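Here are my notes for you, written as numbered points. Have a look at the model first, then read along with it open.

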Amino acid sequence: MSGPAEGADDAARPGSGEFTATVIVNAPAEKVFAAFMNWERQSDWIPFTRVRVVEGDGGEGSLVEAVTAVGPAVLRDELRVVRVNAPFEVRVVHCGKVLRGPGSMRCTAMSGDRTQIVLHEWFHLPPGPVGKIAWPVLWPGSKLGFTGVLKKFGRLVEQGRLP
């Protein structure tokens with residue numbers, strides 16, 4: 001592989017910036033998983049972000065790009081899909097210049113056609129004092145932000161607006 005995936009081996013190691021977000025969606029796991037794997041539609045529930053598959057079909061080996069823009073600030077997240085175990089789990093490696101580290105999304109079927117989603121990310125932090133200062137500030141926002149977007153995702157699935 002070339003381009004954005006170079007150095008993916010280093011990115012695949014868990015970083016010290018870790019967070020987990022969990023929500024329960026009133027829909028079967030198969031439907032929830034299919035909606036999550038519709039990469040381009042993630043733009044519907046992740047604010048200020050455009051998501052697209054730039055290489056592959058969205059499955060294992062694919063490269064996905066998410067560009068978040070708020071005013072003049074732009075953050076480009078490149079992620080390689082490394083494992084798909086439908087309808088239970090997808091694993092990715094964030095392999096861009098800024099966002100690096102592994103992540104996973106798991107769907108667990110529950111009674112009553114409900115599904116628990118667990119999103120878990122391990123980002124690499126900048127070395128030295130910058131990382132030590134940045135993480136306590138960023139972590140609460142990351143956890144709250146991802147829980148919020150997962151709740152929005154769940155509502156869209158429940159309303160039949162996704163996939």
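1. Let's start with a pair of charges: Arg52 and Glu65 form a salt bridge, and their closest N and O atoms sit 2.8 Å apart. (A salt bridge here is a side-chain nitrogen of Lys or Arg within 4 Å of a carboxyl oxygen of Asp or Glu.) The pair links distant parts of the chain, with Arg52 in strand S2 (residues 49-55) and Glu65 in strand S3 (residues 63-70), 13 residues apart. Helices (H or I, at least four residues) and strands (E, at least two) are DSSP runs, numbered from the N terminus.

2. Before going further, keep in mind that this is a predicted model, where local features need pLDDT of at least 70, side-chain atom pairs count only at pLDDT 80 or more, and totals for chains, interfaces and linings use all residues. Residues are numbered from 1 along each chain as its sequence is written, and side-chain values use heavy atoms, leaving out hydrogens and water.

3. Are the two partners from point 1 buried or exposed? Arg52 counts as partly exposed at 44% relative accessibility, whereas Glu65 counts as buried at 8%. (Buried means under 20% relative accessible area, exposed over 50%, partly exposed in between, with a 1.4 Å probe and protein chains only.)

4. Now try Glu55, which forms a salt bridge with Arg80, the closest N and O atoms being 2.7 Å apart. Glu55 lies in strand S2 and Arg80 in strand S4 (residues 73-85), so this pair ties together parts that are 25 residues apart in sequence. Glu55 is partly exposed at 36% relative accessible area, while Arg80 is buried at 4%.

5. Glu89 and Arg83 make another salt bridge, with closest N and O atoms 3.3 Å apart. Glu89 counts as buried, at 7% relative accessibility, and Arg83 is partly exposed, at 36%.

6. How many salt bridges does the structure hold? There are eight. Arg52 turns up again in a network of salt bridges that links it with Glu65, Arg76 and Glu78.

7. Over to helix H3 (residues 128-158), where you'll find Arg155. Arg155 counts as partly exposed, at 45% relative accessibility. Gly145 is in helix H3 too, and it is partly exposed, with a relative accessible area of 32%. Check Gly145 against Ile46: they are 99 residues apart in sequence, yet 9.4 Å apart in space, C-alpha to C-alpha.
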